[in-house]
Amino acid sequence: MKLLYTNFHSGSGGGHTTYIRELARALGPRHEVHVAAPAGSRLLAEATALPGVRTLAQPFPNGLRKLRERAGAIRQLRDHLRAHRFDIVHVNGSADHRIVIAALRGVSPRPRVVLTKHNTKPMGGLQHVWRARFHTDKAIAVCEYVRRQLEATPYRACHPQTVYNGVDTTHFGPWPDADARMSRERFAPDAGSLLIGSSAGTADYKGWTDLVAALELLSAEERRRVHVLIAGQPPSARQLAIVREAGLEAQFHFPGLLEDVRPIIAALDAGFVLSHDIETISFACREMMAMGKPVMVTDYAGLPENLHAGEDGWVVPVHGHEAMATTLRWMLQHRDALAGMGAAARAHALAEFGIARFADATEAVYRDLLGER
């Protein structure tokens with residue numbers, strides 16, 4: 001098959017970048033894979049480094065003020081589509097979806113168009129009716145929550161199907177104890193401290209500031225023993241003010257946006273993803289579990305689908321400060337149980353989160369569309 005993946009993000013791209021990069025890496029040896037993404041984007045750089053994967057520096061301008069740029073982008077993409085006669089074009093957001101639809105006008109034979117929904121933003125209105133009915137052949141959901149959401153939109157005509165995101169469970173694997181201790185010593189002041197953390201980033205919707213309110217519910221002695229480590233963009237002045245006003249500056253650590261998050265994850269006793277908006281299944285959650293860390297998640301969207309609650313993690317209500325505090329207190333009181341829960345998280349990841357399972361299921365969607373099965 002000839003496959004084209006598109007993504008509109010001009011910067012890091014977050015989970016979109018991970019999703020497309022891992023599919024391109026896995027399917028590149030089997031098929032002819034192209035990736036179209038903006039110049040300077042992390043996805044374009046990482047896809048260019050993959051053996052055999054072809055890339056196109058492709059803008060996806062959006063908005064009325066960019067009509068001229070949009071026309072040029074459509075012409076460039078149309079030329080690429082005509083030159084390569086793809087079987088599948090796999091889009092990953094509204095901006096690239098719109099440009100792809102426009103670029104496909106006059107292209108024959110027309111490739112099948114697959115859309116993956118990576119977030120929980122609404123998809124209603126006439127524009128989506130038009131896209132779903134006439135220009136999209138299949139919708140992929142990254143979790144069951146999103147599949148049910150799609151069934152209530154015009155994209156129900158595209159027969160939504162869940163294909164769970166996969167992570168590289170070899171790359172994201174448990175570290176030797178000595179290496180993990182060396183990483184931990186940078187952030188936890190003593191062996192008795194509980195170090196919890198996240199590689200999901202510092203965006204407001206990630207809900208990490210709820211931990212401030214949760215920590216305030218603990219006793220002073222309990223609170224002193226909990227340290228929080230969050231990788232991602234540096235927090236905003238407003239977010240830092242929340243931490244400072246609670247007197248918790250010494251408890252929160254922000255190492256920044258990292259090329260490799262594994263040293264941070266290896267240091268943790270447990271992870272967390274406490275999102276209350278946008279999130280779906282969370283690559284970060286699955287990466288932390290693959291590295292043998294139990295994870296506390298909110299009951300938002302598909303996050304609970306990652307866990308066997310009580311076995312390899314905990315599910316708490318969105319903004320559920322009392323439940324978060326109770327979970328933190330349990331971790332402090334049952335430190336010896338965390339390693340076993342981490343081993344269960346690793347086993348869960350190996351059984352269900354692997355890249356091969358993710359790539360094979362996505363490839364099966366393509367083959368079904370093309371009538372190859």
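Is Trp330 buried, partly exposed or exposed? At 30% relative accessibility, Trp330 counts as partly exposed; the cut-offs are under 20% relative accessible area for buried, over 50% for exposed, and partly exposed in between, with a 1.4 Å probe and protein chains only.

## Ground rules

This is a predicted model, so to speak of local features takes pLDDT of at least 70 and side-chain atom pairs count only at pLDDT 80 or more, while totals for chains, interfaces and linings use all residues. Residues are numbered from 1 along each chain as its sequence is written, and side-chain values use heavy atoms, with hydrogens and water left out.

## Aromatic pairs

A search of the whole structure turns up 5 aromatic pairs. Rings of Phe, Tyr and Trp (its six-membered ring) pair if their centres lie within 6.5 Å; planes under 30 degrees apart are stacked, over 60 edge-to-face, and the rest tilted. Take Trp208 and Phe254: the centres are 5.3 Å apart and the planes sit at 70°, so this pair is edge-to-face. It links distant parts of the chain, 46 residues apart, with Trp208 in the loop between strand 8 (194-198) and helix 8 (210-216) and Phe254 in strand 10 (residues 252-256). Helices (H or I, at least four residues) and strands (E, at least two) are DSSP runs, numbered from the N terminus.

Trp208 is buried at 1% relative accessibility, whereas Phe254 is partly exposed at 27%. Ring pairs also bring in Phe252, giving a cluster of Trp208, Phe252 and Phe254.

## Back to Trp330

The partner of Trp330 is Trp314, in an edge-to-face pair with 6.2 Å centre to centre and 65° between the planes. Trp314 is in strand 13 (residues 313-316) and Trp330 in helix 13 (residues 321-333), so the pair ties together parts 16 residues apart in sequence. Trp314 is buried, with a relative accessible area of 10%.

## Strand 1 and its neighbours

Strand 1 (residues 2-6) has 4 of its 5 residues buried, so it is largely enclosed by the rest of the structure. Strand 1 pairs with strand 2 (residues 32-37) in the parallel sense over 5 bridges; for two strands to pair, DSSP has to find at least two bridges between them. Leu3 has Val33 as its bridge partner in strand 2. On the other pairing, 3 bridges join strand 1 to strand 4 (residues 88-91), also parallel, and there the bridge partner of Tyr5 is His90.
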